[in-house]
Amino acid sequence: MTSSIAPQINYTKRQHADVVAELVEFVQATRAADATDFTTSNLGVMLIELAAYVADLVSYGQDVLAQEVFLATARRYDSVLRFARSVGYVPRSARAATTVLKSATLPSSVVVNGGVVAAGSFIEGLNGLRYEVVDETSIPPGSSIATIQVREGQTFTETFTPTKASGQTFASSRGIVEDASWEVYVGDPDDPANVWTQVDNVLFESSATNTFEVFFSGDGKLSIRFGNGNSGAVPNQTVTLVYRTTNGLSGNTAVNTVKGTFRVDVLLGSIAESLSVANTDAAATGGQDRESVEELRVSIPNSIRTLDKVISIRDYNEAVAGLSGVALTFTDTPLASYSGNIVRVHVWDTEQVDFDVTSTATGVTSSVKYNRFVQVPGTRVNAVQGYLSPRTMVTVHNIVVRPTVANVDMDLGIVNYDRLHNRATVHRQIVEAVVALFEGSGGFSIRMSDVYARVLQVPGVRYFSIKSVDFEHIDPDNPPTVITDSFHQDPPNNPGTDPLQDLIVLGAVTSQFYDDSLLYENEQLYNGTVEDTSIQAINLRALDFALQS
């Protein structure tokens, strides 16, 4: 007796070819007498392929939807921003580069009477970007030259007509908006009393305060949202949004690349002069792109973990280590003051170099890629300080330090290996093993037992004995004196000697540090230098050994 139960379709098939095969099999099983032609030109096959095409599209849409829901897998910037908004995190927008322009000589009328360069005046740099005078600049009478600060980007003013609805939202028409560059007025924008205050979330306001919240779109445009009349006020007059746009990192440019002519309004006589200026002494710096998707994948969880506050030593290390351009951190609290706690954050970056090891006795050379620690640039320190400042307690004073790096020279002596293995291959694998150990050490300590274990794991290595380890660092009591500690092990010839100890590197760093804003007005906690700390990262500088079969 033939079963009348139709075969079951496997609805987990998602690719076009798989769905076609599944549908063909279904038709063959249920319509064997009717469907006998499955060539590609058959109308029935065309309909099957069309249905499979729709199924493939639906599956793709499901995948994309699921992918964009999670922070770890989202690809679209808008999706990550929506996730940030859902947890109350406000991403950092782009920052504009700034520089100082100087004139050669001033027109005589300006020298005698003084002059003014109006806000909004701009010139174009050699990179094609606009550099704008944000604040009106005065040139006092008797000046010999003019000094004018400019900021990359452009200032815009937009107005909106509100209604009586709650939760009204207005968006800028241009992007990318510079971080913290906006002001919102309700009413006459020339009256400072009409400026409203930004808050994290207007719904958290306990009354109808003159407040607004902000969020960004994927293309960098800024949106402002008002309250509902109970939590945050509803604007009842014209809303004016003043903001600046910027090209971020692209605005950084070299000395003498921002040059042009400004109009100077002479203070007396109602005349105007032309003034040629250029950034002859200072490059345009400080430009920074908005947080990328990859940076947001790190900063958003860090924000959630600490409710956007950095409190414990672990919080500092985890939050700062997640910032772009910071590969290693060490935080301590060495000092205390009657006016606040001192937290010192040491930061390092990494660079990739070709690490070359030549064993002259055996004539073998190996070169491997090595990600070693380096000092971070000053701009990166400023970024760390800018990140920490709004996230730490008001009683905490942050000091970000750029430490130096200690160097370790290691001599493995004679490494005995099995001659059945290729000498060059063994040599390279030994170098790779030691370099990988330093890369993954955490930056501050190396265990001699781990050196033995890593090298002995190299195929072909039979035995060896570390001959010496030289550790070069800076004397914390007499900087910048360099001292070298040597650790020797030669038990076969000197039975009384101790084995090499694990190398815990706590050298000294340079006294250069970057201070955040002072805790209280007119109070200077520290000036000049802070005591040298005792923290250094370590790099492998030299590796010596000889292979013997």
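The largest nonpolar core in this predicted model has 35 residues. Within that core, the residues with the most contacts are Leu412, Ile430 and Leu543. Several elements each supply at least two of its residues: strands E18 (340-359), E19 (364-375), E21 (405-417), E24 (468-474) and E28 (537-548), together with helices H8 (423-439) and H9 (448-456). Helix H8 gives the largest share, 8 residues.

Let me stay with Leu412 for a moment. Leaving aside neighbours within four places in sequence, Leu412 is in contact with Ile430, Val434, Val451, Val455, Phe464, Ser465, Ile466, Lys467, Leu543, Asp544 and Phe545. A second, separate core of 28 residues includes Leu71, Ala84, Ile224 and Leu241.

Thr240 has a relative accessibility of 3%, and because the cut-off for burial is under 20%, Thr240 counts as buried. Beyond four places in sequence, its contacts are Thr157, Glu158, Thr159, Glu183, Val184, Tyr185, Gly187 and Pro189.

Now to helix H5. Buried in H5 are Val293, Glu295, Leu296, Arg297, Ser299, Ile300, Asn302 and Ser303. These buried residues pack against helices H3 (77-86), H6 (313-321) and H7 (378-388).

Finally, the surface. Leu43, Met46, Leu47, Leu50, Tyr53, Val54, Leu57 and Val58 form a nonpolar patch there, and together they have about 780 Å² of accessible area. Met46 lies in helix H2, residues 43-69. With a relative accessible area of 45%, Met46 is partly exposed.

Terms used:
Residues numbered from 1 in each chain as written. Predicted model: local features only at pLDDT ≥ 70, side-chain atom pairs only at ≥ 80, totals over all residues. Heavy atoms only, no water. Buried < 20%, exposed > 50% of the residue type's maximum accessible area, 1.4 Å probe, protein only. Helix = DSSP H or I, 4+ residues; strand = E, 2+ residues; numbered from the N terminus. Contact = heavy atoms within 4.5 Å. Patch = residues over 30% accessible without salt bridge, like charges linked within 9 Å, V, L, I, M, F, W, Y side chains within 5 Å. Areas by Shrake-Rupley, 256 points an atom, 1.4 Å probe, with all protein chains shown as cover. Salt bridge = Lys/Arg side-chain N within 4 Å of Asp/Glu carboxyl O. Core = buried A, V, L, I, M, F, W, Y, C linked by side-chain atoms within 4.5 Å.
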